[in-house]
Structure formats: structure tokens, C-alpha cells
Amino acid sequence: MTVGPDTLTALLKGKDVLPAGWESVFGMVAREDFVPARIWPDDSDAPLDRDRDPEAWRRAVYSDRALVTQWDDGRHTGAAAGRLATSSASTPSTLAEMLYDLDAAPGMRVLEVGTGTGYSAGLLAARGCRVTSIEVDPQLARRARENLAAAGFGNFVEVVTGDGTLGHPAGSPYERIQVTAGVRRVPSAWVEQAAPGAVIVLPWGTDYGSGDCALRLVVDPDRRTASGPFTLATAFMKLRAHHPHWGRYGGAALPEDWAAYAHPTTTTLGYDDVVGGPFDPVALVLGLCVPDCLARPVLHGALGGTLWLYGADTGHGHSIAAAHFAVGEPPTIRQSGPRRLWDEVEATWYWWHSQGRPTIHDFGLTVRLADDDTVEQQPWYRTPDHPLVAPAHEWTPPPSG
Ligand SMILES: C[S@@+](CC[C@H](N)C(=O)[O-])C[C@H]1O[C@@H](n2cnc3c(N)ncnc32)[C@H](O)[C@@H]1O
């Protein structure tokens with residue numbers, strides 16, 4: 001049997017992730033119309049080439065896998081994988097779950113940020129939405145326009161070349177906004193260009209790790225506030241301006257007085273407790289409660305690992321901590337600078353544990369635009385009226401139920 005859109009639809013149906021009304025949509029949009037001839041499924045080192053192995057390429061296209069289509073913002077060429085994957089056709093089941101959250105109905109005006117191949121814009125168009133999709137990379141935008149036109153959706157999607165964090169005021173107000181690139185700070189433009197009651201679905205994360213969580217924000221009637229829960233643990237390529245800036249840090253950036261000030265202590269926690277897997281809720285919780293802190297885990301094979309923590313400059317210099325875990329030895333913690341980053345991490349972990357290890361679904365975010373259009377992001381626990389504060393400071397349990 002030849003694999004095709006129906007194969008993928010059946011796969012997604014089997015996983016129970018297809019929202020009502022979307023089964024025919026996934027069947028109508030052929031992913032092969034959007035995927036280029038060379039792809040790296042799931043960031044693999046070896047590419048699949050349509051011309052060399054058409055069957056394997058086609059099987060990958062109609063599988064539930066993310067297909068990398070660009071490395072290093074297009075600077076990388078050749079068959080080998082590059083350093084950082086920067087564009088892809090997103091994992092279909094993740095798209096389906098985010099579309100469930102988006103709840104886009106025919107006729108709605110939808111803004112998409114991160115066009116990529118154009119596949120997800122094609123799905124929204126096939127659903128009957130009026131779509132504006134923004135792609136920062138001019139070459140990718142051009143190709144997506146061509147893909148959408150060839151697949152028959154050219155008249156239903158406007159592909160704009162530009163920075164999606166600025167939105168596209170000409171097409172506003174949008175009833176739905178879908179973002180398919182990882183976000184660290186919600187831009188004011190998305191809230192300002194949303195209609196009252198609009199839904200914004202985006203992969204959001206903190207500097208503590210590279211994972212994201214899908215966030216479903218509902219915009220208030222005043223279009224100055226939006227709030228909602230985290231719904232899905234995932235991992236997306238980040239918006240160009242939201243890549244972590246390791247350059248300033250890295251092991252080379254140890255402060256000169258590190259040895260003198262970093263008196264070693266120990267902990268009862270282990271490496272896995274504070275690093276977590278890519279979809280582990282603890283990474284989100286640590287990131288929410290230990291803000292402005294880049295976490296960089298370095299695994300030393302079977303021998304253990306080190307978790308480096310780098311704090312943003314507070315005006316009194318950088319804070320830095322290293323938690324070193326070696327098999328058969330007590331962990332060693334070193335910290336220096338104005339913040340005790342490890343102490344913040346440890347206090348958060350014990351709080352999370354004392355709460356019965358809540359999942360990402362117990363947390364959410366409220367986004368508020370200030371008069372000067374700066375954006376405040378306030379995380380919450382269980383309900384929006386219960387702001388999450390770092391447990392090292394003051395914390396009172398929320399009402400149960
Ligand atoms: C994961 S891909 C999108 C996948 C796409 N929706 C699909 O299914 O084919 C993320 C895309 O976001 C784009 N991107 C990154 N930063 C951006 C920005 N500031 N504005 C608009 N697009 C951006 C990248 O170039 C990349 O193509």
C-alpha cells in the first residue's frame with residue numbers, strides 16, 4: 001500500500017489526538033507538497049534524500065516525526081547535520097494537539113508565526129480559516145508561498161516575510177494566533193493584535209533547559225492581559241531572537257574569584273532530580289521559580305554530570321553555581337555571586353516535591369502589557385489568582401479544590 005495523507009490521518013486517529021472537524025483536514029493536505037527533497041527526520045545526523053531513496057523519504061513524510069529542513073539559519077549546507085536545527089515541518093501529533101487548543105473554526109482570521117514549510121498554514125487554510133503566516137527567513141517564506149500555491153491554498157494564506165514577534169497589524173484583529181517556534185517572552189504585539197477573547201497558542205519555556213510547554217492564552221476584552229494554562233510538554237526550535245545566549249557564559253566565563261568565594265557544600269538531590277528529561281515537569285517548575293537563570297547540564301558519560309547555573313547580571317555582577325555529581329561520591333555544590341542559584345533550585349525542588357510533584361497542567365501564565373508596552377509574565381499555580389512565587393521567599397498553599 002502506498003503511504004499518503006490517509007496513512008498519517010489514521011496514525012493520528014490511533015493516537016487519539018485529532019480534534020473534532022480536523023480528520024478530513026489532515027486527509028486533505030498532502031505533507032509531501034511541503035517537504036523539501038532533503039530532510040533530517042528528528043534531527044538525525046543522516047539526511048533522507050527523495051531522489052536517492054524515494055520510498056524511505058515518503059515513509060518519513062507520512063510518519064509522526066518532525067522533519068528538519070534547515071540548519072543554522074540557512075548558513076549550513078551539505079548532507080551532514082549542522083549545529084542548530086532552525087526550520088522543520090513540525091511533528092504532526094504536536095500540531096494536532098496544539099490545533100485542539102487553538103479551536104480555530106472556519107471563517108476565523110488566524111495569525112501564524114513561523115511558517116516554515118507552510119504545512120501547518122495549509123492545514124489552517126483547509127479548515128477554512130483566513131490565514132496570515134509570518135516567516136523570518138526570506139528564502140523559506142518564498143518556498144512556503146510556492147508550496148501553498150502548488151497545493152491549492154495560495155489564495156487562502158498570505159505569507160509575510162518578517163519578524164513574527166511584531167505580528168502583522170494590517171491583518172488584525174486576529175481571533176486566533178498560533179505560534180510554531182519556541183518563545184521565551186510573549187511579545188506585546190500578539191496581545192495588541194488579538195481580538196477580545198482571542199486564543200493564542202504558543203510553545204513557551206524558560207531559560208532553565210531547552211524544552212517548551214504549549215501555553216493556551218485567552219485574551220481579555222481590554223486586550224492588555226491574556227492568561228491560561230500550560231497544556232502540553234514539547235520542544236520547538238526557538239524564535240530567532242529567543243535562542244539562549246551561551247556565548248556570554250560557558251565554562252570559560254568563570255569569575256576570577258570563583259575558587260575563593262565558592263565554598264563547596266553538598267545536597268541530597270541527584271543529577272536527574274534537577275535536570276529532568278525534555279518533557280519532565282520539574283524543568284518547567286524550576287524555570288518558573290528560578291527566573292533569569294540559564295541551566296546547562298553536562299553529562300560525563302556513566303561517571304556522573306555537572307549542572308551549571310548562570311544568573312543574569314543583577315547590576316552587582318553575575319551569579320554562577322555548579323552542582324557536580326560523581327558516581328560513588330557525595331555531590332559538590334559551588335556557588336558565587338549575588339544570588340545563590342543552587343539554593344533557589346533546591347528550595348524549589350523540595351516545594352514541588354512537597355506538593356505531590358504537580359504536572360505542567362497545574363501551572364499557567366498571565367501576560368500583562370504595561371503602559372510603556374513592556375510585558376510582564378506572571379506564572380501561577382492552579383488558578384490565575386494564585387501567583388507562583390519563589391518558594392525560598394514567601395509561599396502559602398492555594399485553596400484546595
Ligand atoms: C518549527 S518551524 C515551523 C514549522 C511550520 N509551522 C511547519 O509545520 O512547517 C519554525 C519556523 O519559525 C521561523 N522563525 C524563527 N524566528 C522567527 C521570527 N522571529 N518570526 C517569524 N518566523 C520565525 C523559523 O525560520 C522556522 O521556519
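I began with the ligand shell: by class it has 7 nonpolar, 13 polar and 4 charged residues. For the classes I took Ala, Val, Leu, Ile, Met, Phe, Trp, Tyr, Cys and Pro as nonpolar, Asp, Glu, Lys and Arg as charged, and the others, Gly among them, as polar.

The model is predicted: local features need pLDDT of at least 70, side-chain atom pairs count only at pLDDT 80 or more, and totals for chains, interfaces and linings use all residues. Residues are numbered from 1 along each chain as its sequence is written, and side-chain values use heavy atoms, with hydrogens and water left out.

I listed 24 residues around the ligand (a heavy atom within 4 Å). The closest are Ser87, Thr117, Ser120, Glu135 and Gly164.

I then looked up polar contacts (a pair of N or O atoms within 3.5 Å; within protein, one must be able to donate a hydrogen and the other to accept it, and residues adjacent in sequence count only if both atoms are side-chain atoms). A polar side-chain atom of Ser87 is 2.7 Å from a ligand oxygen. For Glu135, a side-chain N or O atom lies 2.6 Å from an oxygen atom of the ligand. Gly164 places a backbone N or O atom 2.8 Å from a ligand nitrogen.

I checked cover: the protein takes up 98% of the 610 Å² of accessible area that the ligand has on its own (Shrake-Rupley method, 1.4 Å probe; for residues, only the protein chains shown count as cover).
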